[in-house]
Amino acid sequence: MSTTAASPLPFDTLAERIRALAVNQIAEIADLAREDPEVIKLWIGEGDLPTPPFVVEAAAAAMRAGHTRYTYALGLPALRQALSDYHRRHWGVEVPASRFTVTTGGMNAIMQGLQAVLSPGEEVIFPAPHWPNLAETVKVLGGTPVPVALRQDRPGAFRLDLADIEAAITPKTRVIAINSPSNPTGWVMGKAEMVALRDLARRHGLWILSDEVYNHFTYGNAIAPSFLEVCDASDRLLISNTFSKNWAMTGWRAGWLVFPEGLAPVFDNLSQYNTTSIPTFIQHACVAALEQGDDFIRTMVSRCRDSRQVFAEGLAALPGVKVQPPEGSFYVMFGVEGEADAKALAVRILREAKVGLAPGTAFGPAGQGQLRLCFAIDVPLAEEAMRRLSAFFRARAAAA
């Protein structure tokens, strides 16, 4: 046997579309200080509450009962029925259990949805700034991401002009992807806009992929609308969602996808060839989250509403900072005057103020000169983060 160490495989032996994937700037910043206990970590979309005990106990009880083996690729029938009941309870829609598949988080829901409808060389249009995973998933599948900039009537006041979406459509366009409430901007698509986009997609024979992860996180009087409220079971509509945000289950890697009637065999196969299924005992925990977790969601949203206020007021008072309170999600994206390198600014803030933020350029070129923070935290922690940011930006202004 040879004892000579093997040479690393050259990078250019990988598939070209994989070599071209962008480095995730959020992870780059986080990797600089993940283990630093002094840093207030607002870079990633994750709240500071633990998973509620009733969910943890449901998983433990399922393991003790022996639910540790393979199960249905589409998901446990009880979980798919609980998902149907959940959508009826919150949006008043009748979506049968036959239209759900359980996935390894929201990311895998998007992956499976695009695997089903996107061919290499086809285009996916989406508003920008955007969650970076969406664009890179399109690239993984050999497609072409087509970002369309959200308009801003004033800094932080984002809106989508559907004429911009229609202008981006080409013969290669296959999907229009919407994330509302939006990560990173907090923009929320209204129901009338959804109807208009539905009609646009019907005219052009396009699919809509709607990422509705943050629907509960709105700060007006109502839950954010769902495309399920305005579309038929036969529309070319895919809805992705996750258990991560509503029930503080980011590490559980559980999500779901809603697909048109009649496509269950397709997504049964896709689940088999992606993951086979997510762990059976986690699916039992998901049933508990859906059936017992509405009060926990209300607690999460209430905490976010209070911390949102802390950051909205605090950032607005800072020199050189332009901010508008977000309509939804649990992120604030704010502009910083005179900054040409958002990533370098995020590194400075991390090192000098011990606050971890995501650079706006992590969300595409439209995010240059901006930063994003996650406010899914308790008010005292938000107040401390705001004190540190205030000191940084006032010192920056004084040095200018």
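This is a predicted model: local features need pLDDT of at least 70, side-chain atom pairs count only at pLDDT 80 or more; totals for chains, interfaces and linings use all residues.
I'm calling a residue buried under 20% relative accessible area, exposed over 50%, and partly exposed in between.

**Salt bridges**

I started with Asp 199, which at 28% relative accessibility falls in the partly exposed class. Its side chain meets that of Arg 198 in a salt bridge, 2.9 Å from N to O. Arg 198 has a relative accessible area of 16%, so I put it down as buried.

How many salt bridges does the structure hold? I get 24.

Next I looked up Glu 57 and Arg 64, whose side chains form a salt bridge at 2.5 Å, N to O. Glu 57 comes out at 41% relative accessibility, so it is partly exposed. Arg 64 has 60%, so that one goes down as exposed.

Then I went to helix H13, residues 379-399, where Arg 388 and Glu 384 sit 4 residues apart, which means about one helical turn between them. They form a salt bridge too, with the closest N and O atoms 3.0 Å apart. Arg 388 is partly exposed at 22% relative accessible area, and Glu 384 is also in the partly exposed class, at 26%. I also noted a network: Asp 85, Arg 88 and Glu 94 are joined by salt bridges that share partners.

**Helix H3**

I checked the length of H3, residues 53-64. With 12 residues at 1.5 Å each, the helix should span 16 Å, and its end C-alpha atoms are 16 Å apart, so the two agree.

Which residues of H3 are buried? My list reads Val 55, Ala 58, Ala 59, Ala 60 and Ala 62. Helix H10 (280-292) is among what covers them. Just after H3, I found Gly 66 with a positive phi of about 90 degrees.

**Cavity**

I searched the whole structure for cavities of 30 Å³ or more and got 1.

In total, 16 residues line the cavity, and His 130, Leu 134, Ala 177, Ile 178 and Asn 179 lie nearest its centre. Sorting the lining by class, I have 11 nonpolar, 4 polar and 1 charged residues.

Notes. Residues are numbered from 1 along each chain as its sequence is written. Side-chain values use heavy atoms; hydrogens and water are left out. On a 1 Å grid over the protein atoms alone, a cavity is a set of points where a 1.4 Å probe fits but cannot get out, and a pocket is an open set with protein on both sides within 12 Å along at least five of seven lines; lining residues have an atom within 4 Å of a point. Grid points are joined across faces, edges and corners, and a volume is the space filled by probe spheres set on the points. Ala, Val, Leu, Ile, Met, Phe, Trp, Tyr, Cys and Pro count as nonpolar, Asp, Glu, Lys and Arg as charged, and the others, Gly among them, as polar. Helices (H or I, at least four residues) and strands (E, at least two) are DSSP runs, numbered from the N terminus. The expected span of a helix is 1.5 Å times one less than its number of residues. Buried means under 20% relative accessible area, exposed over 50%, partly exposed in between (1.4 Å probe, protein chains only). Contact means heavy atoms within 4.5 Å. A salt bridge is a side-chain nitrogen of Lys or Arg within 4 Å of a carboxyl oxygen of Asp or Glu.
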